[in-house]
Structure formats: C-alpha cells, structure tokens
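Subject: Structure handover and notes on helix packing

Dear colleague,

I am passing the structure below to you, and my notes on what was found in it follow directly after.

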Amino acid sequence: MSVQATRRLVLQWTLRNATCPVLNLRTILGSDNVRQRGFMTCRLLCSTHNQTSTLHQHTDLSQLQLQPGRELSIRALLDMGFTDTQADQLLEAANKGRGGQSEHASSTLMALFVLGLNPSSVLKVLEKCPELFYVKGTQLQQRMDNLRRLGLLEGSLQRVVSHYPQILTLPLRRVNTVARFLREKCAFTVQQATDIIRDSPAVVQDDLGQLEYKFQYTYFRMGVKQAEMVKSKLFRVTLEEVRCRHSFLERRGLYQTPDKKGQTLIVNPKLKDILAVAEDTYLADIAMATQEEFKVFQKLMAREWQEEDEEQERDMGADSDDDDEEEDEDEEDMKSGYRQRRKK
C-alpha cells in the first residue's frame, strides 16, 4: 500500500474514531486550507521513522497519540516528530511540574500541533510556559478560537502564542475585558486594539488602573494620539520608563505638551523615537545626554514619585478621617434630633 493511500486511510479512521477533545472533524476542517490541515494531521499520526509501516501500525500510533489522559513517552514524542534531544527535554519539562506529569499533557501537545506549530516551536512554547501542560485541550482550543474572534488570524496567532504563551493560560473573560477596555476606555478602534494585543500580548495581564493611567499620561501630558501609540508599541514599555524618558526631554527643553489646538513652539520627537529604541540610541539621538546624566535624573525622579505617593497616601488618610468625623457628627445630630422629638 502506498504512503499516500495509507495517509488517507489513517485520516478517515481518525475522523471516525477520534476521541481527543482537541482533534476532531470541526478542528481539522475548520480552516480554509483543508488539504494542509489534513496533511498535517496525517504527518502527526504517521511515524517519521518508518513511512512504509502498515496501516495497523499507524492505527496503533494514532490511538497512542490521541488518547486523552495517556502519559507521554519518548516513543510517542519521537513519532510526533521530535528529535531524541527534544523528546528528552519535553518529557523532563512535563514531569517537572506540580505532582508529576499532567493528564492533559498529550492534549496540550495536540492543540499546539493543530495550531500549526512545528516540534521545535512546541518545545520552546512549553519551556517558556510549562503551565500549559495543566490546561485542558478543549480550553486551549476555546482560547485560541477567542483570539481569532478578536482579530488574530493565522500567522499572527502563531506568533503571539510563540512569543507569549502565557496568554493561553488566562480565562476568556480576562482577555475580552482588556480588549473591551482598550476600545471603550482608551478609544482605540477594533483594529488598533487587535494590533496592541498582537504586538504587546503581555498587556492582557496588566493592571487596568495602570493601563488607563499610562494611556492618559501619553494622551494628555504628551499629546500623542491613539494611532501613534499603536505604531510606537507603547504598551510594551512600563509606565515608569514612559514618564522618565518624557520628563527628561521635557526638562531639557526638548519636548512640549501641545496646547488645545495641538500646537507647540518646538518640534517634538515622535513617540516611537523616544520609546521604541535602546537607551543608548535614545540618549545619543534624542536626549543628547550622557548615561551619567540620565542615571542621576532617574534617581531624582524615583525620589519625586515616592514623595508623591506618600503625599497621596496622607491625603487619602486625611480624607478618611474627615469622613469619620462627618459620620460622627451626623450620628450625634441624629441622636440630638431623636432626644428633642422624645421631649415633645
């Protein structure tokens, strides 16, 4: 029997008998490129070491790889296309987690393969984020589908998962909340919100208060619009770094906050030239200062911010005391009124 015929039969058997929650008919045929998905599935199921093996052997291999909850083994990993070294590394990573190897490890691997990642990429993803071993295959598929609905299409989705696999450990609600926050609170368009999640996926784990403050600081204090924020990849940079680089330029007379008409007396550098470059480049080309000067300024800014935080805490404490006094006065007034009514 030819290899092509064997692959076709294995694919037919898989579609009839697949028990894995990740790899099913909808998953395989849910893409526009049916032939590519089918070929990838066959490649995963067929041994790369012996392409002339019988259909019975392929069927045993399929059962081995697709059976949910089955513990990973060197043989199974080799049959999936990993090298000996990669298989050892992956097995070590899978067994290193809490309580030994997870029952979801095999379905996690299949979900990442179905996404279109090759064995090397799968290994890198799981080494970056071993928590994925403990996520159900069905949950991984749902989270990938959700990212597609947010606008991360094929190619972009694979890059995001490879760069920041932690995004697949977060509940759907969290990712959707951040996407909605960017659109509603920061007035980004749908496409701009998608671009932010694609270029800065770690934003989904940022504190929403800090996220809003960073946006407002850049929008109001620096006078930068949303489109330029997206191009400069603002949300890859910490709030402290944004404030420090901007304030350093401002105090050197190299940056001005635009007036209500958006005008300035000088030409401000672009946001991407301030943030999206290495510190050496920023100092040499934009700030025209030395490392020593910038280090001293950073220490001064850190002290100023600490004093501001302490002052805010004191103000909040004073406000709380005032509220308590007002509550006491209100309570005393209520008691006084009650006594007067009793006398009447």
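The axes of α9 and helix α11, the latter spanning residues 172-184, come within 10 Å of each other and cross at roughly 15 degrees; an angle under 35 degrees counts as roughly parallel, and α9 and α11 are therefore described as roughly parallel to each other. Please keep in mind that this is a predicted model. The crossing in which α9 passes α11 is right-handed, and the contact is made by Q142, R143, N146 and L147 on the α9 side, with L172, V175 and N176 on the α11 side. Sorted by class, the contact of α9 with α11 comprises 3 nonpolar, 3 polar and 1 charged residues.

α9 also packs against helix α7: here α7 (residues 105-115) and α9 (residues 137-149) have their axes 8 Å apart, at an angle of about 30 degrees, so that α7 and α9 are likewise roughly parallel to each other. α7 passes α9 in a right-handed crossing, and the residues that make the contact are S107, T108, A111, L112 and L115 from α7, together with G137, L140, M144 and R148 from α9. In terms of class, the contact of α7 with α9 is made up of 5 nonpolar, 3 polar and 1 charged residues.

On α11 there is a further packing to report, with helix α13 (residues 208-221), where the angle is about 25 degrees and the axes are 11 Å apart; α11 and α13 are therefore roughly parallel to each other as well. The crossing of α11 and α13 is right-handed, and in it R174, T177, V178, F181 and L182 of α11 meet L208, L211 and E212 of α13. The residues of the contact of α11 with α13 divide by class into 5 nonpolar, 1 polar and 2 charged.

Terms used:
Residues are numbered from 1 along each chain as its sequence is written. This is a predicted model: local features need pLDDT of at least 70, side-chain atom pairs count only at pLDDT 80 or more; totals for chains, interfaces and linings use all residues. Side-chain values use heavy atoms; hydrogens and water are left out. Axes are lines fitted to C-alpha atoms, for helices over the stretch in contact, and angles run from 0 to 180 degrees between N-to-C directions. Helices (H or I, at least four residues) and strands (E, at least two) are DSSP runs, numbered from the N terminus. Angles under 35 degrees count as roughly parallel, over 145 as roughly antiparallel, 65 to 115 as roughly perpendicular and the rest as oblique. A crossing is left-handed if the near helix is turned anticlockwise from the far one by less than a right angle, and right-handed if clockwise. Contact means heavy atoms within 4.5 Å. Ala, Val, Leu, Ile, Met, Phe, Trp, Tyr, Cys and Pro count as nonpolar, Asp, Glu, Lys and Arg as charged, and the others, Gly among them, as polar.
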